[in-house]
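Hi everyone, thanks for coming. Let me put it up on the screen.

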Amino acid sequence: MSPGGARRIAVVGGGPGGLYFAALAKQLDPEAVVDVWERNAAEDTFGFGVVFSDETLGGIEHADPVIHEAMAAEFARWDDIDVHYRGRVVTSGGHGFAALSRVRLLQLLQQRCAELGVHVRYLTTAPPTEQLSAEYDLVVAADGVNSAIRTKYADEFRPTIRTHDCRYMWLGTDLVFDAFRFQVQPTPHGVMQVHGYPYDAHGSTFIVEMHERVWRAAGFDTSAGRDFQPGESDHESIAAVAEIFAGMLGGHRLIANNSRWLSFATVTTGRWSHGNIVLLGDAAHTAHFSIGSGTKLAMEDALALAACLRENPDTASALAAYEAERRPVVASTQRAAAASLRWFEDLGRYTGQEPLQFAFNLLTRSRRVTYDNLKLRDPEFVAAVNGDAPPPMFRPFRLRGLTLKNRVIVSPMDMYSATDGVPNDFHLVHLGSKALGGAGLVMTEMVCVSPNGRITPGCTGLYTDEQEAAWRRVAEFVHERSDAALGLQLGHSGRKGSTKLMWEGIDEPLPEGNWPVVGPSPLSYKPGVNQVPHELSVAELETVRNDFAEAAERGARAGFDLLELHCAHGYLLSSFLSPLTNQRQDEYGGSLENRLRFPLEVFDAVRAVWPQERPMTVRVSATDWTPGGVDGPESVAIARAFAAHGADAIDVSTGQVTPAEKPEYGRSYQTPYADRIRHEAGIATIAVGAISSYDDVNSILLAGRADLCALGRTHLYDPQWTLHAAVEQEYSGPGAEWPLPFRAGARKPASGRTDGPRPRLELIRSGSEGTAHARWRPRG
């Protein structure tokens with residue numbers, strides 16, 4: 001606290017976030033001195049409308065009812081999203097939006113600050129930050145995406161700024177939309193899209209966006225080198241946009257306001273405060289506009305920061321609490337925004353979909369809105385997309401001569417519980433229970449093709465008669481007691497072999513009783529820790545290839561229905577595919593064609609002995625999560641190559657090739673790679689990785705992002721997960737039939753009474769029939 005007792009707060013940036021924080025801080029501490037510096041005039045603003053969620057509005061209402069009441073009086077409100085695509089309008093309702101003019105929002109916040117005694121200096125550059133830091137107890141950097149304060153203290157804030165592949169322009173129009181509108185516009189140059197929504201009785205926001213290659217093909221890049229004056233708009237491009245979207249505009253005009261082409265930049269920061277300086281809003285983080293406004297996030301930051309200042313004894317603890325509260329929320333929003341952004345970058349990939357599926361795909365793109373969520377918001381829409389079919393996860397799927405009863409796979413999971421490679425009663429119970437649990441396909445763990453191809457001493461194998469007989473026992477149980485298919489995953493550990501059991505130290509080398517490891521190149525998995533692998537000679541490659549073929553023959557005799565070749569996770573075949581691990585100078589290294597050569601030779605050898613009516617899949621790591629490794633485009637080429645050689649599906653995983661990887665974890669985080677391969681390589685895909693709910697599965701399948709979904713840990717938690725998912729969805733029928741001895745348990749057990757509050761959207765719809773389809777109808 002400053003001498004004299006009154007807290008002194010400096011706010012740099014008079015946008016909505018800065019002004020809202022200033023108003024809250026002054027309201028919570030009337031004795032505080034709160035000064036705001038804004039370099040623009042009070043009436044200046046860049047942008048048009050601002051959209052708010054119910055959650056944000058609830059926070060504003062509780063924090064400052066005066067502001068909330070003033071905003072609410074100005075809101076344009078509506079429920080519907082219209083998707084204009086291929087000459088059809090698909091509408092989904094029940095979403096609930098509130099928007100108002102950014103100009104009007106600023107006026108309301110300026111008025112509130114004046115009422116409370118906040119001193120706002122317009123057309124004034126803030127004093128040097130070090131001066132503010134010395135003279136004030138707290139300096140709030142609300143100076144936007146190009147924050148000068150963040151840049152000045154970059155070593156402390158550690159910002160990362162990533163620019164993306166789409167170009168967009170923020171415009172307004174005097175065409176007043178009556179709902180949120182997505183306009184998908186095919187052009188000779190490629191597909192373009194508009195995000196549009198109303199904000200008052202006179203205008204709407206109109207954001208035009210397209211991939212950079214479309215932007216260049218359309219000739220918009222001619223303005224790229226032009227030196228625009230501050231506030232100047234690109235009127236030549238705006239005229240061209242108006243012509244392209246003339247049918248949509250229907251004679252209405254586009255309105256410019258500092259409107260020129262931009263590339264969206266995602267800002268993240270390593271920390272949000274330095275000393276008594278704290279970042280707020282776009283200065284700390286950005287999220288793509290397709291899932292909400294930066295203004296919304298900034299005002300949520302402001303609310304949290306003001307509350308933390310009130311609740312904590314000093315500035316340092318308040319800033320720590322603010323970041324601890326907001327960072328996880330922002331990170332989740334940024335993950336959703338990244339998924340949404342990528343979807344729009346790849347929009348052209350989906351223009352072959354029928355309108356209803358396309359609309360469902362668009363609405364669920366961020367993974368925040370899902371199949372079940374849409375059923376709550378708009379059950380009629382989901383029913384129209386789903387048709388008369390069962391829930392997507394319970395539809396059959398055919399791979400070559402094998403028809404799976406549903407789309408759920410028990411993912412391969414190493415159990416490390418074999419002795420000398422022989423599966424035992426544990427494996428019988430483990431795989432048998434999963435088969436009884438309702439999944440359409442149950443996969444073994446990676447079954448190794450030779451003793452030296454094992455990862456650990458506890459890994460299973462298929463290179464002896466005893467192992468073959470033990471696997472036959474498992475297959476016979478699955479086939480006799482269930483209608484699940486049983487899949488065999490074959491692999492070789494490569495340089496990641498001869499390590500301890502997982503619970504003894506994953507990837508740690510065996511202290512004794514180890515065996516030599518091999519690879520395409522003499523590069524250890526962890527230099528100085530793991531063995532340096534022996535580089536396989538051409539003759540030794542033939543031996544390994546024969547090992548795979550012999551194991552496949554044994555698998556066919558044992559009764560497996562499907563065979564998957566493990567070419568992922570840094571094991572032997574994967575390490576041939578990645579340039580990070582394959583540095584050979586012969587015909588098996590270098591170009592992707594050469595790196596594919598040995599894995600394809602193995603595939604061909606296995607396919608030649610595997611019964612023709614039984615399908616083969618291939619698991620790949622679609623990205624190494626490391627610069628210089630396999631990435632999205634290469635993974636598509638890899639999938640195409642295996643498809644050309646007869647693969648029936650690609651099981652799309654990622655990473656685990658190098659310990660230097662930096663995965664972007666999150667809900668269903670690997671699914672976008674399955675989506676890309678499915679659409680670009682033209683082969684069925686299996687999505688895997690952080691898919692944990694039947695809602696996720698249904699959303700992925702109905703959107704067309706994958707054909708099958710593999711779940712691992714979920715089935716360890718609940719071996720009957722698929723059957724329980726059917727009960728939860730009140731589905732009984734093909735694809736979800738309970739084993740006869742279990743049918744008495746096919747109903748969910750009764751539980752204690754719960755009288756908790758009903759879901760908000762359910763309350764909104766209570767007493768009415770059908771979905772809320774309110775449209776924006778300006779008053780007067």
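Let's start with Arg-775: its relative accessibility is 22%, so we call it partly exposed. In our wording, buried means under 20% relative accessible area, exposed means over 50%, and partly exposed is in between, with a 1.4 Å probe and protein chains only.

Before I go on, a word on what you're looking at: this is a predicted model, where local features need pLDDT of at least 70, side-chain atom pairs count only at pLDDT 80 or more, and totals for chains, interfaces and linings use all residues. Residues are numbered from 1 along each chain as its sequence is written, and side-chain values use heavy atoms, with hydrogens and water left out.

Okay, back to Arg-775. Which residue does Arg-775 meet in a salt bridge? It's Asp-82, with N to O at 2.5 Å. By salt bridge I mean a side-chain nitrogen of Lys or Arg within 4 Å of a carboxyl oxygen of Asp or Glu. Asp-82 sits in strand β5 (residues 81–85) and Arg-775 in the segment after α27 (760–765), so this pair ties together parts that are 693 residues apart in sequence. Asp-82, at a relative accessible area of 6%, is buried.

Searching the whole structure turns up 39 salt bridges. Another one joins the side chains of Arg-595 and Glu-634, at 2.8 Å from N to O. That pair links distant parts of the chain, since Arg-595 is in helix α21 (residues 592–609) and Glu-634 in helix α22 (residues 632–644), 39 residues apart. Are those two buried or exposed? Both Arg-595 and Glu-634 are buried.

Glu-680 and Arg-676 form a salt bridge, with their closest N and O atoms 3.3 Å apart. Both lie in helix α23 (residues 671–681), four residues apart, which is about one turn of the helix. Glu-680 has a relative accessible area of 29%, so it's partly exposed, and Arg-676, at 23%, counts as partly exposed too. Elsewhere, salt bridges that share partners join Asp-80, Asp-82, Asp-178, Arg-775 and Arg-777 into one network.

Last stop, Ala-331. You'll find Ala-331 in helix α12 (residues 315–345), and its C-alpha atom is 10.0 Å from that of Thr-286, 45 residues apart along the chain.

How values were computed:
Helix = DSSP H or I, 4+ residues; strand = E, 2+ residues; numbered from the N terminus.
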